[in-house]
Amino acid sequence: MDSPSAGSPLARPRRRLPKLTTRRLALGAVVLSPLVLASCQLPTFGGYRGATKQAVDANKLWQGFFITGLCVFILVAFLILWAVLRYRRRSDKIPAQTQYHTLFEIIYTVVPIVMVLVLFYFSVVTENSVDAVPASNVQVNVTAFQWGWRFSYPGHNVTVIGQELQNPTMVVPVGENVHIVLRSSDVIHGFYVPEFNFSRYALPGVTNQFSFNVNHAGTFRGQCTQLCGLYHSLMIFQVKAVSPSAYEAWLAQNSTSASTTAYHANSSTVQGGSS
Amino acid sequence: MTDVINPPVIGGGGDVTAVDEHVVEHGHAEEHGPTGVLKWLTTTDHKVIGLSYMITSLVMFYLAGIMALVIRLQLASPSSSLLSFSQYNELFTMHGSLMLYLFAGPFAFGGLANYIVPLQVGAPDMAFPRLNALSYWLYAGGSITMLLSFFVAGGASSFGWVAYAPLSNATNSPGAGSDMWIMALALTGFSAIFTGVNLVATIFYLRAPGMTMFRMPIFTWNMLVTGILILIAFPVLTAALIMLYCDRHFGTHIFTVSGGGVPVLWQHLFWFFGHPEVYILALPFFGIATEVIPTFSRKPVFGYKGMVFATLSIAALSTGVWAHHMYTTGVVLLPFFSLLSLLIAVPTGIKFFNWIGTMWRGQLSFKTPMLFCIGFLFAFLMGGVTGVMLAAPALDFFTHDTYFVVAHFHQVLFGTAVFAGFAGLYFWYPKMFGRMLSDKLGKWHFWLLFIGFWLTFIPQYEVGLKGMPRRVAVYPSNLGWQVYNQISTIGAFVIGISFAILLVNLWISWRNPVPAGDNPWDAGGLEWFTTSPPPHHNFTHLPPIRSERPTWDYNHPDSPALHHGKPTGPSSGHGGDGSGGTKETVEV
């Protein structure tokens, strides 16, 4: 029986598959370092860099997971391809009937466990930052319904409603924590803004809360993600991030009696909003 | 009890009576039964029932595949008018329901397991042959009910294959189609439970003498674990369906807020079924790969015992990860479920290294079943890697319910149910019918499928990351999503062509049979020891069973499995336990 005495795999590879041993161990370093080193300089790997503080954090986690996944994919795909190309049948000779190799079995059990624990650590750190609901002066109550959205600003008598082909726009200030209180008045919907790297269900009977802090002005499209019936495809909205002063002006302009409904943010009044 | 778990080894004293006597008696009960159509309707033979399962589930597979092509046609342009919104919702609901409930599971544990497991353990039939027939007919009834729901007023169900409450209640989804969906699933659920009972009982109690637990082929091991998972998961689904039906018709408020109910409860119940279900749909196919890869590598499976424990730990973990489908609800404790979900990568990785280790230094030949298994390895690798990403809540938040998830689970299920599933079909078809399928057409099938598979699903990852939600019939044209969808549609039609080739292949083998012989692949399992197709009660003779590949040991007595150069235990060859020469068989 092999016992994995310390250092032996690197210093003294075993009889079989020596290349594999070193490769597996090298993997640890190669795969885990990007997580630690993940920075904004890396490509986005198909995702969004992120328009909010939370989204930037989520994107960094994405980069780490993507690189880790890519390394694992390349390693395993290489091993499969190597086996397929190198060990094509060349004769009728029966190959050695090797069934067990204790050292390798231990390595390919322990290394993935360590990798998983590291991934788990980073995922918890990011989750805590993304999920936090800090104190905030800006609150928007979002109510999802079949098939549209109601955005109301408590204390300001401003409500924006839109459905199907009249997509509503939520106006929020740049650089401030925006506290979203999310409800549903019928079935389950999903509040999803791709560039915020975030979504959350609107559940009937449950009040969900989350927060985001937009880092630059702009209009970001959002859409319902959870199938909610016939016109699920048309439950689209926008989030428009403007400067705090433009935001105040927009609130003042639209603040009337509680029953008033503004279908669209009047784009001319928030034009000056860019940082 | 010890005799049942560890039956005496055949051949030691020539003790033929060790073979169950009831088995022999049972053998004569049906041999003069009906033939033709009546045979298929009344049979309790596990082989005929297995074939019925496979044929029915393949019909479901082709129907659901055609639905997928229609869905892909709709999505090829941003605001296609091919389908109405309601037709679109019905189609993706039925596509998912047929593929998951009526194809992937029944094909594997109703069809292949039914046919192969009794053969692999040396049994004459399943433990409860009549229950087995009942299982099939419940499943057939469920399938017909599901399909007929297209023709009732209001159409088929349109709330997705997960039927989230309260969208699935009587207010939001009125109409008989939804009720028929519930009924169809309840019937199929009972069918699965009965098959699970049957498989577990067969494997525990009907193994041939010598077939100890650790001499069972991995396919049988995986079917045992699948059977146990079915017994854990399906009763929960069936109970949830009954609750949903009560909410719809009897005025209960289990999932309705207005009466004090909790909509999210449906998701807990559904995914408590649903995640084990993922492995119910995966483990059988891992088992197929673990039969095929060793056979075409001419080696024993690498790390047999590690593989068994990996399978058991996947099953154990799978019962504790349901809430990773619910991260975006915001109402579950996330890190616990995240850790368990990530940990599943470990035993899954072990399996990968077992498969690679099996091929390593082997003599690989790439017949159609082996090609499909290589395809399975790549497809499942990609699905597995993206699955690890989805286990992190912060990543799931922005990929959940987008095309990223659609691509992920299609790659997982395509890898298992399609690549490995059809590897199983090509592998065991000669055993089932005594005739070969064309290897040339099989290779065309494989390569078109492999190309179509990547064309279809890789663009979906990207369009999902860009923000395209799943289950939308139309999408904005100004976001650059169309090109990804068009590539995906082209890929889907390439897949469609590949499966037309399979039909041609089956047709040719039906019209111009090429005899297969008993063991065309030089495989090791007990099923290859008997004739093709096997006789009514499977075996007239059994070889000594010293390892998980008794037929290999019988045919290659000088090539036992090795552990550091030494034979593993008293396995094959010249009996260390006084069993005498290896060319002896025992009459059943």
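Biologist: What span should the 15 residues of helix H11 of chain B have?

Modeller: Keep in mind that this is a predicted model. Each residue of a helix counts for 1.5 Å, so the 15 residues of helix H11 (residues 304-318) of chain B should span 21 Å. The end C-alpha atoms of H11 are 21 Å apart, which agrees.

Biologist: Which residues in H11(B) are buried?

Modeller: A residue counts as buried if 20 or more other C-beta atoms lie within 10 Å of its own. In H11(B) that holds for B:Tyr304, B:Gly306, B:Met307, B:Ala310, B:Thr311, B:Ile314, B:Ala315, B:Leu317 and B:Ser318. For chain B as a whole, 62% of the 588 residues are buried.

Biologist: How many helices and strands does chain B have?

Modeller: Chain B has 19 helices and four strands. Its radius of gyration is 24 Å, close to the 25 Å from the globule rule for 588 residues, so chain B is as compact as a globular protein of that length.

Biologist: And the domains, where do they run in chain B?

Modeller: Domain 1 of chain B covers 45-236, and domain 2 covers 517-588. Their C-alpha centres lie 34 Å apart. Where they touch, 15 residues of domain 1 of chain B are in contact with 15 residues of domain 2 of chain B.

Biologist: Which helix gives the most to the side of domain 1 of chain B that touches domain 2 of chain B?

Modeller: That is helix H5 (residues 85-120) of chain B, with four residues. By class, this side of domain 1 has eight nonpolar, three polar and four charged residues.

Definitions and conventions
Residues numbered from 1 in each chain as written. Chains lettered and ligands numbered in written order. Predicted model: local features only at pLDDT ≥ 70, side-chain atom pairs only at ≥ 80, totals over all residues. Helix = DSSP H or I, 4+ residues; strand = E, 2+ residues; numbered from the N terminus. Rg over C-alpha atoms; globule rule 2.2 N^0.38 Å. Buried ≥ 20, exposed ≤ 12 C-beta atoms within 10 Å, placed from the backbone. Expected span 1.5 Å × (residues − 1). Domains from an automatic or database assignment. Contact = placed C-beta atoms within 7 Å. Nonpolar A, V, L, I, M, F, W, Y, C, P; charged D, E, K, R; others polar.
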